Amino acid sequence: MTEAMAGTNKEEAVGKSQTLMVTLTIDGRQVTVSKGTTVLEAATQLGIHIPTFCWHPKLKPLGACRMCYVEIEKVPKLQVSCATEATDGMVVYTDSDRVKQGRRAIIEFILLNHPLDCPTCDKGGECELQNLTFEHGFDDSRFDFVKHRFTGESVTTTFDDIRIGPEIILNRNRCIHCYKCVRANKEAFGEYDLGAFERGNITEINATPGEQVDNPFSGNLVEICPVGALTNSDWRYKIRVWLTRTTPSVCNFSSSGSNLMFYKEDHKNRIYRVTSRRNDDIDDGWLADITRYGYQIANSPERLQTPLIKKEGNQVPASWDEAIAVIYKRFSEIREKKGGVCIGGLAAPNLDNASLYSFSKFLRKVFHSNNIDFRTDYAMLPGKPDSLFSKLCSRLFRISNIDDSDVIVSFGSDLVREHPNEYLHIRKARNFGSPKIFTLNPYSVKSADVADLELVYKPGTDEAVINGICLAAIEENLVEPQRTSRLSEKLVPSTLTETAALCGVSEDGLKIVARALAEGAKVTFLIGELVTQSQARETVAAAVANLNLLFSLENKGQLAVLARYANSVGAERLGLMPSPSEAVTKELASLWGEFPDHQPHTTDAMLALMKKEELHGFFVLGANPVMLCPDREFVKEGLEKLDFLVVCDLFETKTTALADVVLPLSSWAEYAGEYVNLEGRVQRAERAIKPIGQSKPGFEIMNTLAEKFGQKLFVSEDEMASEIERVLGVGPSVEMPREFLEVKASTQESNDAFPNPLFVVDDPHHSGHLTEKSTSLANFAGEAYVEISADMAASYGVVGGAPVRVESEVGKIIVPAKISEYLDTEVVLIPRNFSATTVTSLLMRKRRIDWVKISKVDE
Amino acid sequence: MFYSPVITNAAEVASSDRLHLFRYVEDPDQSKVEIFEAHGGYSAWKKALTGMSADEVREEVKKSGLRGRGGAGFPTGMKWGFIPKGSSKPRYLICNADESEPGTCKDRVLMERDPHAVIEGMAIAAYAIGCHQMFIYIRGEFNHCIDRINAAREEAYARGHLGKDIYGSGYDLDMVVHTGGGAYICGEETALLNSLEGKRGMSRIRPPFPAVEGLYACPTIVNNVETLATVPHIINRGADWYRSMGTEKSTGTKIFSLSGHVKRPGNYEVEMGFPLKKLIYDPAYGGGIRDNKKLKGVIPGGSSTPMLTPDMIDVDLDYESLADAGTMLGSGAVIVFHEETCIVWVALRLIRFYRHESCGKCTPCHEGTAWLEQIIRRIEQGLGQPGDIELIEEICGNILGRTVCPLGDAAVMPIQSAIKHWRDEWQYHIDNKKCLVKTNFEFQ
Amino acid sequence: MILTEASREQIREKVSQYPDRKSAILPALTIAYSQTGYLNDEIYREISQVIRVPHVEIAEAATFYTLFPKLPVGKYLIQVCHNISCALLGADSLLAYLEQKLGIKKGETTPDNLFTLVTVECLGSCATAPMMQINQDYYENLTGEKVDRILEELKAKA
């Protein structure tokens, strides 16, 4: 073989194997790993466990604790395996005498000043230091000096604990300086409320002076602390970990479906806490605080224990039999006299597949009614089957694809509030790669801190921004000319300058985004609630469809509207809408032998019918329309005019207060269920505790009712499961248009009397209407507020916490002001999650933007 | 006449054609750019920038055998060659002027009295590695140096030695003067990078090495003041000339800071391989032991190096010879103490320093140095326990080679050598609860 | 507002010199300290607003280094080096002398708020030991006589 040929073969061979592999020997066993893998990771692949304190799978290695020493042949000093790259032919010993001695020394050093708090320390039983001392330490201490103690101001309790946040308690003496908390806080979460101060052996981890550790991911800090330096009130002194048992489940408060573990105790039928259950495809082991502390609603003392029936104007406790009998009687009456289609239903999108499916089947088979929906907080939904917007909602999205995208655009989403898990993935992409990141929003958001460029557009001009990007691409010749000319004809305005002026964004900014989308090899384009809540969502969807076609986004990445709730995707796929997609309707019809055929109505339309007294019966499963639907007066009026209203929920709410019959609903922790996350992934949540009081899961309620009506929904649980599987298997129709669509961008209507656009959002520590019952989450935020920019506060003479009047054309409320760290325009935000505040009475249903005015409340 | 009244051997250097760093440091006008230029200053920079390629500059320095004068002794030309070719990220040159090694006070002289020489050296080094923005990191306590370097920088820009299109070559070079906040650890290369980036001065694990991923994750070279001040001389007079001085592996000259119990503490530039004994006793240099006492011990290369006993000082001052003697050249700070010095007292001073300066990142260093200090303190106070010496030795063994950066090693090497050479004295201290020799130094 | 406009301008000037604004943290602390003579949380916050980096970065950096006292110090901060070379030439007795002359112990401030006395580590002036740093200046090759003179001059200037 000649030299030239040999060279060619080698080039081919290297070209074929995308990653170079190396083989090394650890404790006598060989393992082959990709180049760049550390010795620690290679050992893990062999099942060899090397002890660590400061190493974390999702943070950059620090090499500080020195616990992961290994001995490497031909290398004189012990090496830290977490930071040593495995090389071909390396021979490693993880358990030689030298290594053992090295580890003992490290344990000895750590224990020098570590207080002997084990009997009363929360971490006991799951403490890395305890475990590793047992495995690798000395059995006696040679240190006979007085242990160093951190003292000073704010030491208020025994054991030198200081409270550094609504949930977090710090004991500086126990800290072993692994720095995982500050690293995770800064690198992974982008938060700056915790820091390391001083130097050397008196380095102290503490809250940033003058601040509290209260970011939306703060609970993770407690979980990753290897010792009891950081603990939380949620778990403090309540129970020893070895007295609990674990149950795997998924988050019920967001659409990511982050995996979690319940820690529960069966005799008390109580859940004590939630920790992560690392899933590298979804959550990387990080949980948002809502996920971590939301479980507290299950054991809340305010849970509805029994059904309630309204008798002579008062809701009194009753038995299930009685309640079912009343429901049967009253709904039958309505069905006979006015027709089954006069009965509608609203289910909450965080319920499991079985409950949602049974609900739909019940209403459609027993009452032949298509008046069924799962959306409460969308302002107005057109409800057309297979609408363009629905297509965008149904598109496949893989969370892990964010990590290595080279262009990431977040459009219309206050990510940290709506999709905290995806925000962390975007941060991860930034920390470990060099993607171009852009945020396009109607107001300045926290998640823009990781963006290369933040474009803030005038509220109400969302499609103009997308049009603007397309026009910028045309003007800069970023895409093939023959495709672009047809597009500019269809856009109004048709020039970049006019469009940019319309939405208030710079032309240069639009060009930068356009260039990135054109040049990007792997693009993630996320669309969020700030756009999807809008009345003009179909127009925006059309604009996005044009963008997709122009840049070929679906062929080089992912483009999707992010689902909002724990099972929004399941609800949509199972047909919980007045008009499900054609394919789903067909499947349901084939499964059930029939499908109602009448003019169906969305939530909003149903409420209108109620007001006109054309809808007489209503069944609410887990939802809270009075609190969450826009225009509270309109909602209440409608519900009050009903002949009969049944509401099932975990607690008494503003909606249950209007009901003729109230049924106690079990939380997701009290029964096994399946939920579909925003990737379309079906995940199972197991039952942790038995149903509280006499509460029942949704599907059980529906099945019992159906039987009463003489129409058993399913022969068996297996049959229910297989029907659901079939319907889910239909899959979404995700065909995007192959032609450009006309998009006329609206200008922002202004309103002189009410100059502030209002967005109703989730507080970063809350989701929906249930989380305010979680004590920990209420500690972070327990009441509504209006978040305004610092400039606005100054101009109104308002300080943080001062009461402010917020008025719209249809209502007014008084709430304390919150000075925002991010807002810097006229936009104001109010959270939707607090029942004491009737924020929805400010909203009108048919407006694209809700306008309000702010005024100071004089004493 | 000068800010610092420190003694130097500038007169000797001025009349030598081999010694060169201290030639003009007794000339009060040397810090003015016109005088510096009149003395031949910036001619090397011009020669390098307009007459040599970056590769040629690097080769010349490599050939000269110049080694880092900050303490590590790494071949400078080789270090410059570690910059990855083909990287499109900006390169950075940083002059490490964070002179904090106890005993060392040589960089200060160069910065205060010959600041342009430092700038010229930095410029040539920057050119050699393709850097267009260079930094000098001066320790915050050196206020006078900072003023001098700032003034010199202004002058250099004004005269066209820095800035855009220097000498019409098309090469731009900017200089930033950065001041430290008071931390010995920031003299360590990676901690310096973190400190320059505005973070806490904690060291980084290597790899990645600074030459590949240093300041702002860009290729970076960090060199000591003295190293850089030498570069112009090598360019002007050639690598062969430099090689003709010193020894084969330790070429050129070095400034040694002599302090402690000698009659003439000061900074002395001598050729490498100069006898340590001569430096201490020769009347032109140390002049012998103060008060004519007997020598007890010498720390030859800054407080981080193992100590020498009187029967070990017949050694030449170069990297190899000192290594063979079980110690290190280090920063070249020779600290001398005489017979009326309690060795435990010395050890306590040193370990207290290292504990104070430990950054707090890795366990053995920040916990170990504190524990060592506590044990050594109680011995010094007369409360030593039997077994303390063995305990100290074991703790030192658990720190040596087990830390992220060399501070851990620096802390234990002098302690280990103190016990090795004067074990009986330590034992006496423990058994008798008092010093063997009463240490009581009066200042005049 | 504690930082003067002049200090802020100096800090902004520094920020413009570096490729990354965070690098200006240490110079900013030096500038602030030279204006005020002490640093506290409010000053960290002002610096963080001028440089536009999170407040915690300033606080973390400031507490790591020794040149930024957190408590108010007297008009003259006397820093006596007590490291090995200076100690060998009598730094301990220099300290004792100063304590006796000023009537305070190490770490304390004189009642007239003129002098604060602290010990520090190696100041890089080993060949002119014993020595001390007072505010920005080094005083080397000290003798009792020199110390007396220096203290007199400083008292007179105050």
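Okay, let's start with chain C: the centres of its domain 1 and domain 2, taken over C-alpha atoms, are separated by 29 Å. Domain 1 of chain C covers 5-62, and domain 2 of chain C covers 76-157. Keep in mind that this is a predicted model.

Now, how does chain C sit against chain B? The contact brings together 51 residues of chain C and 63 residues of chain B. About 4,400 Å² is buried between chain B and chain C, with 58% of that on carbon and sulfur atoms. C:Glu140 meets B:Arg108 in a salt bridge, at 2.8 Å from N to O.

Over to chain A. Here 34 residues from chain B and 33 residues from chain A make the contact. The buried area between chain B and chain A comes to about 2,800 Å², and carbon and sulfur atoms give 51% of it. Of what chain B buries against chain A, B:Glu367, B:Trp371 and B:Arg402 supply 24%, more than any other three residues. We count three salt bridges between chain B and chain A. A:Asp144 and B:Arg378 form a salt bridge, with the closest N and O atoms 3.1 Å apart.

So what about chain B itself? The assignment gives domain 1 (10-243), domain 2 (253-338) and domain 3 (343-432). Let me stay with domains 2 and 3 of chain B, whose C-alpha centres lie 23 Å apart. Each of these domains puts 13 residues into the contact. Together they bury about 1,000 Å², 71% of it from carbon and sulfur atoms. On the domain 2 side, B:Lys296, B:Ser303 and B:Met307 supply 51% of the area buried against domain 3, more than any other three residues.

One of those names comes up again: B:Lys296 forms a salt bridge with B:Glu425, the closest N and O atoms being 2.7 Å apart. The count between domain 2 and domain 3 of chain B is one salt bridge.

Last stop, the surface of chain B. B:Phe74, B:Met78 and B:Phe82 make a nonpolar patch of about 270 Å². B:Met78 is in helix H5, residues 76-80 of chain B.

Methods. Residues numbered from 1 in each chain as written. Chains lettered and ligands numbered in written order. Predicted model: local features only at pLDDT ≥ 70, side-chain atom pairs only at ≥ 80, totals over all residues. Heavy atoms only, no water. Patch = residues over 30% accessible without salt bridge, like charges linked within 9 Å, V, L, I, M, F, W, Y side chains within 5 Å. Areas by Shrake-Rupley, 256 points an atom, 1.4 Å probe, with all protein chains shown as cover. Salt bridge = Lys/Arg side-chain N within 4 Å of Asp/Glu carboxyl O. Helix = DSSP H or I, 4+ residues; strand = E, 2+ residues; numbered from the N terminus. Domains from an automatic or database assignment. Contact = heavy atoms within 4.5 Å. Buried area = accessible area lost by both parts, 1.4 Å probe.
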